[in-house]
Amino acid sequence: MKNQALGARGEDDVMKYLQQRGCTILDRNWRIKEGEIDLVAQSPNGEIIFVEVKSRSSRKFGDPLEAVNAVKAQRLQRLALAWLVTHSAFGKPFRIDCAGVLYSLDGRNEIDYREGVL
Amino acid sequence: MTLARVHTIALVGLVGHLIEVEVDISEGLPGYSLLGLPDAALSESRERLRSAFLNSGLPWPNKKVTISLSPAWLPKSGSHYDVPIAIGLLVAQGVIPNPPSESQVILGELGLDGSLKFVRGVLPTLIAALSFNASSAIVPMANLNEAKAVPGFEIIAFNSLLEIVEFFTRGQIPDQAGVDDHIESSDYLDLIDVVGQLPARKALEISAIGGHHLLLIGPPGTGKTMLAERIPTILPTLSAQESLEVSAIHSVAGSLNQRGVLTRTPPFVAPHHTTTTTAMVGGGSHAVKPGAVSLAHAGVLFIDEAPECASGVLDSLRQPLESGQVTISRAVNTVTYPANFLLVLAANPCPCGRFNGRGRACTCSSMQIRNYLKKLSGPLLDRIDIRAFVEAPTRVEMASELLGESSACVKERVIAARGVAAERFKGERWSINSQIPSSELRGRFKAARDGMALLHAELDSERLSARGFHKVLRVAWSLADRTGRTIPSREDVEAAFTMREGTFL
């Protein structure tokens with residue numbers, strides 16, 4: 001439960017981060033049988049952005065982004081294509097981003113946002 | 001800076017290749033890709049590096065790390081790339097502000113705690129580095145003694161990754177104490193321990209003088225191994241060049257620590273008779289490692305129970321015996337190692353081992369006895385110049401308080417005789433009697449007239465082959481050198497003939 005709450009909080013924070021940069025949020029926790037996309041947004045210039053959010057409360061098990069391995073990266077790519085097809089957006093420019101959110105004990109967060117990494 | 005460039009050396013056999021290690025850190029998901037045909041030990045470097053960095057409190061890049069080892073076509077093996085990659089990563093992250101100079105080569109394996117660990121082949125690696133105009137090297141502390149043996153090199157040894165960071169940021173050099181090598185000394189061996197065995201002792205001495213390959217035949221427990229082990233104690237000490245070659249080979253094989261760097265004692269290598277051809281001549285799939293023939297370079301290769309060897313193993317000795325080196329080809333590359341050794345074979349006279357010509361306790365049939373030594377192939381036996389029979393000492397010999405000659409005494413004569421031969425062969429391509437070409441034996445290096453007459457008579461009666469004719473002459477020269485005669489006399493030729501034929505077998 002604690003981890004789920006942490007994940008949701010991370011997604012909230014990344015959503016705010018994107019909104020501050022002028023993006024519109026299109027979807028959140030879009031889920032099909034194959035898996036889930038954490039966030040789907042649209043940038044001011046119309047590009048569709050798929051975001052994988054990784055939240056951690058410490059670096060004890062490595063950097064949050066290290067958890068995105070080749071298998072997960074491939075799944076994200078398939079999911080992105082599936083989202084585009086089901087939302088009649090296939091052919092539009094899109095990119096896949098990753099965001100690592102690290103929470104320290106005093107409640108502050110540190111967002112490591114990487115654009116177009118996959 | 002996000003791109004760093006450092007240098008190291010890849011060894012193929014004893015030949016070095018300058019390797020440029022490029023480390024690039026770019027934006028992207030955390031990842032680590034190592035390019036340039038790494039083998040398994042090298043691909044594991046990421047895990048070692050990551051733990052070493054974190055446990056040393058150094059930053060590990062959570063970005064995309066690309067490492068390229070060029071030239072990319074050369075397959076890389078071993079763990080000595082850890083430290084160059086680590087330094088590259090530290091430079092690329094800006095932890096080390098000034099990159100190492102172009103002329104500095106870096107070697108070393110990393111422990112998970114960030115310590116630098118011993119690697120194989122440092123000596124030949126640094127010798128190779130000299131030819132690439134490298135002038136300084138960074139090595140693990142455990143390799144310091146070996147690295148210092150290379151002249152004209154500035155060596156800096158480190159215990160840990162943090163010491164390397166200290167050095168590059170503040171110029172602080174750690175105490176160059178090195179590590180104590182535990183060297184197994186064979187100094188306690190001496191011919192004085194051998195009771196009796198006069199004919200075998202003489203065979204050993206002649207073998208050492210002329211570099212003649214030797215076959216010792218005798219019942220079990222009579223001292224064949226004991227005699228063979230003591231041959232290095234009567235051989236001249238190695239020259240500086242030989243000693244460097246031997247140390248380089250042992251460094252690649254990873255046995256330098258047992259032997260000691262630049263030891264002047266000729267090596268003694270005794271592979272077991274179940275050894276494989278690969279272990280004998282060298283081989284391996286990734287890095288071609290030197291075999292027993294190369295480890296015995298400039299020394300003695302002793303094979304006990306030679307007839308028990310798989311026949312292919314003994315016959316694989318023929319090429320190195322002929323050329324003094326061994327060339328091994330594998331899918332990855334072709335490697336040549338020096339393999340100029342004195343071959344000493346030991347054999348029982350028959351399967352039960354008790355046949356001594358008097359037909360006492362032996363239980364073997366005459367057929368078995370005849371077939372036993374036939375397992376040594378003709379071409380191999382042709383390369384053996386001296387056969388000596390080692391008999392059990394008699395009770396008189398065992399009871400005698402008179403000691404035999406000491407190794408030092410015999411060695412003195414060997415060195416003197418070799419000196420005479422070297423003087424005679426001044427300006428030639430060879431320096432010892434076993435290497436005199438056969439054409440020269442019939443020309444400039446004949447025996448005395450009556451000696452040659454004896455050999456010609458033996459040839460006529462078909463008791464001697466053409467090859468045997470030359471072998472006898474070579475041994476006769478060693479006998480002459482021992483006694484100070486300027487040319488082999490009829491007695492020398494006769495004695496050489498007996499030594500070649502063995503006693504009764």
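B:Gly13 is a buried residue, with a relative accessible area of 7%; buried here means under 20% relative accessible area, exposed means over 50%, and partly exposed is in between, with a 1.4 Å probe and protein chains only. Where does B:Gly13 lie? It is in the loop between strand E1 (3–12) and strand E2 (15–26) of chain B. Helices (H or I, at least four residues) and strands (E, at least two) are DSSP runs, numbered from the N terminus. Leaving aside residues up to four places away in sequence, B:Gly13 touches B:Val252, B:Val335 and B:Tyr337, where contact means heavy atoms within 4.5 Å. B:Val344, by comparison, is 331 residues from B:Gly13 in sequence and 26 Å from it in space, C-alpha to C-alpha.

A word on the ground rules. This is a predicted model, in which local features need pLDDT of at least 70 and side-chain atom pairs count only at pLDDT 80 or more, while totals for chains, interfaces and linings use all residues. Residues are numbered from 1 along each chain as its sequence is written, chains are lettered from A and ligands numbered from 1 in the order in which they are written, and side-chain values use heavy atoms, with hydrogens and water left out.

Let me step back to chain B as a whole. Its secondary structure comes to 22 helices and 18 strands. The C-alpha atoms fill a box of roughly 85 × 50 × 45 Å along the principal axes. Of the 505 residues in chain B, 52% are buried. And if you take contacts between residues at least 6 apart in sequence, 72% of them join residues at least 24 apart.

Now, please find the open sheet in chain B. Five strands make it up, in the order E11-E14-E17-E10-E18, and the pairing is parallel; two strands pair if DSSP finds at least two bridges between them. Which strands are at the edges? They are strand E11 (268–269) and strand E18 (386–389), each pairing on one side only. E11(B) is joined to strand E14 (residues 300–303) of chain B over two bridges, in the parallel sense, and B:Val269 stands opposite B:Leu301 in E14(B). Helix H7 (residues 198–210) of chain B lies across strand E10 (214–217), strand E17 (342–347) and E18, running at about 160° to E18(B). For that angle, axes are lines fitted to C-alpha atoms, for helices over the stretch in contact, and angles run from 0 to 180 degrees between N-to-C directions.

Next, helix H6 of chain B. B:Leu161, B:Ile164, B:Val165, B:Phe167 and B:Phe168 are buried in H6(B). Those residues cover an arc of only 160° around the axis, which puts them on the same side of H6(B); the arc is that of the directions from the helix axis to the C-beta atoms. As a reminder, an α-helix has 3.6 residues a turn, so residues three or four places apart point the same way. Just after H6(B), B:Gly171 takes a positive phi of about 75°.

There are some backbone details to look at too. B:Gln197 is not a glycine, yet its phi is positive at about 60°. B:Gln197 sits in the loop between helix H6 (161–170) and H7 of chain B, and it is buried at a relative accessible area of 7%. B:Leu262, also not a glycine, has a positive phi of about 55°; B:Leu262 is in the loop between helix H10 (256–259) and E11 of chain B and is partly exposed, at 31% relative accessibility. Then there is a cis peptide bond between B:Ser70 and B:Pro71, with omega about 5°. B:Pro71 belongs to the loop between strand E4 (64–70) and helix H3 (82–92) of chain B.

Finally, the rings. How many aromatic pairs are there over all chains? A search of the whole structure finds twelve. Rings of Phe, Tyr and Trp (its six-membered ring) pair if their centres lie within 6.5 Å; planes under 30 degrees apart count as stacked, over 60 as edge-to-face and the rest as tilted. A:Phe50 and A:Phe94 have ring centres 5.9 Å apart and planes at 80°, so this pair is edge-to-face. A:Phe50 lies in strand E3 (residues 48–56) of chain A and A:Phe94 in strand E4 (residues 94–103) of chain A, so the pair ties together parts 44 residues apart in sequence. A:Phe50 is buried at 2% relative accessibility, whereas A:Phe94 is partly exposed at 33%. Over in chain B, ring pairs link B:Phe425, B:Trp430, B:Phe445 and B:Trp477 into a cluster. The charged end of B:Arg424 sits over the ring of B:Phe425, 4.7 Å from its centre; the criterion is NZ of Lys or CZ of Arg within 6 Å of the ring centre and within 35 degrees of the ring normal.
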